[in-house]
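Please read the following report alongside the sequence and the 3D view.

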Amino acid sequence: MFALLRRLKLSYSLYNVFQRHRLAHNLPLYQRLGLKKQYFSPVSSRDFAHLRPDAGLPPVPPLAARLMALPVFQAQPAATRASLLNFEDNGFAVLPGFFDDATVESINQDLDNLIASKQVDRRYRNKFMFAYKKSGRIKAAGEGPLRELITALLGHEATLFQSINFLTGSEQRTHSDSIHMSTFPLGGMAAAWVALEDITPDNGPLHYYPGSHKLPYYLNADYANEGTAWFTGDKEYTKYEATIAQKIAEAGIEKQVFLARKGDVFLWHANLMHGGEPHHDKAQTRKSMVFHYFSRAHVCYHEITQRPALLG
Ligand SMILES: O=C(O)CCC(=O)C(=O)O
C-alpha cells in the first residue's frame, strides 16, 4: 500500500505545491518549449519526446573558449588543462591535487563535527547528504572555482544541487547520473568527486567507463519504467542497473578505476557510466565527497520519480 502511494504522482505534486520558490526555475523553460505544465507538475523524458534534442537552449562558444576565459583554468598545470579540454571527448577530467591538505582536513573535521552533533545523518546506507548546507567549508569547496569549471564544461550557469559525503565506499553499481538527476535537453548536469584521503584498490575506489557518455541516455522507457498518467513506473532499480551492465558489455568499453590521492578531483559528464568498486578492507575508510550540479538553462528533474528538481 505504501509503495503504491509513493508511486502516486498526485501525492508528491501536493507536496511540491508548497515548494514554488525552489521549483519555479523550470517555468520559463516549459513556456519556451510550449509545455503546459505548472511548477509542481510531474515531468519525465516522455514530455520531451516530440521536441528537437536541443530545443530551447541558447548557443554557446566552444569548450576551449569557455575554459580559456577562466583564471582558474589558466592556473592549472598543463596536464589538468589538457584533461579539461578533452572533457567532451572522454566524458571526464582529472584534476590532481586540486584541493590542498589543509582544505581537505578542514572538510573532514567539519563532517566529523556534523555527524557528532547529528546535524547530518546517514541515508541510503552510507551517504551523508547535503552537508554543504551546514558547513561553510564544504559549501566553499563546491562553489567557487570548482563550480566555475563546471559552468564552463556545461556551457551554462551551474547550480550546486547536492553534496554527498562518504566515509566508506558507495559500492554503487554502474549507472549514469542522468537517470537520477535528469535534464531537458539532455546533458545539463555534471559532477565533481573529491578524494578526502588516499584511495586504494581495497577501500572501494570510484570506477568509470571512458567514452561511455557517448552511449544513448538510458531512461525510463529503456527499462519499461514509464508508468501511467497517475503512477510512476513500478520497476525495481536493479532492473535499470542490469540494463546498464548489458549495454556496457555490448559496447565493449573497458572499466577504469580511479586510484585518487587526497585532494584529487574527478569531474564527470551527465552520461558517463560510473560507480563504486567493492570496499574489501573494512579497516580502511574511504573519505570522499561528490557534488552534483544542474545547469540553470535546462529543465531539471528526476526521471525515475518524475519529479521536478528542488533547487537552491
Ligand atoms: O563515490 C562513489 O563510489 C560513486 C558515487 C556516485 O556514483 C555518484 O555520486 O553518482
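## A covered strand

Strands S6 and S11 pair in the antiparallel sense over 7 bridges; two strands count as paired if DSSP finds at least two bridges between them. Helices (H or I, at least four residues) and strands (E, at least two) are DSSP runs, numbered from the N terminus. This is a predicted model, in which local features need pLDDT of at least 70 and side-chain atom pairs count only at pLDDT 80 or more, while totals for chains, interfaces and linings use all residues. Residues are numbered from 1 along each chain as its sequence is written, and side-chain values use heavy atoms, with hydrogens and water left out.

Strand S6 (residues 189-195) is largely enclosed by the rest of the structure, because 7 of its 7 residues are buried. Buried means under 20% relative accessible area, exposed over 50%, and partly exposed in between (1.4 Å probe, protein chains only). Met189, Ala191, Trp193 and Ala195 cover one side of S6, and Ala190, Ala192 and Val194 the other; all are buried.

## Nonpolar cores

The largest nonpolar core has 38 residues, and those with the most contacts inside it include Leu84, Leu146, Val265 and Phe291. Such a core is a set of buried Ala, Val, Leu, Ile, Met, Phe, Trp, Tyr and Cys residues joined through side-chain atoms within 4.5 Å. Helix H11 (residues 144-154) gives the most to this core, with 6 residues. Apart from it lies another core, of 19 residues, among them Phe161, Leu219, Ile248 and Ala270.

Leaving aside neighbours within four places in sequence, Val265 is in contact (heavy atoms within 4.5 Å) with residues including Ala93, Phe98, Leu146, Ala192, Val194 and Phe258.

## The ligand site

The ligand is surrounded by 13 residues, the closest being Ser170, His175, Asp177, Trp193 and Arg286; a residue counts here if one of its heavy atoms lies within 4 Å of the ligand. Strand S10 (274-276) and strand S11 (288-295) each supply at least two residues of this shell.

Taken alone, the ligand exposes 300 Å², and the protein buries 98% of that. These areas come from the Shrake-Rupley method with a 1.4 Å probe.

Three strands form an open sheet in the order S5-S12-S13, with antiparallel pairing. Strand S5 (182-184) and strand S13 (307-308) stand at the edges, each with a single partner strand, so one side of each has no neighbour in the sheet. S5 pairs with strand S12 (residues 299-302) over 3 bridges, and Thr183 stands opposite Cys300 in S12.

## Ser176 in its loop

Ser176 sits in the loop between strand S4 (158-166) and S5. Its relative accessibility is 2%, so Ser176 counts as buried. Not counting residues up to four places away in sequence, Ser176 touches Tyr240, Ala270, Asn271, Leu272 and Met273. A polar atom of the Ser176 side chain lies 3.2 Å from the backbone oxygen of Ala270.

Key:
A polar contact is a pair of N or O atoms within 3.5 Å; within protein, one must be able to donate a hydrogen and the other to accept it, and residues adjacent in sequence count only if both atoms are side-chain atoms.
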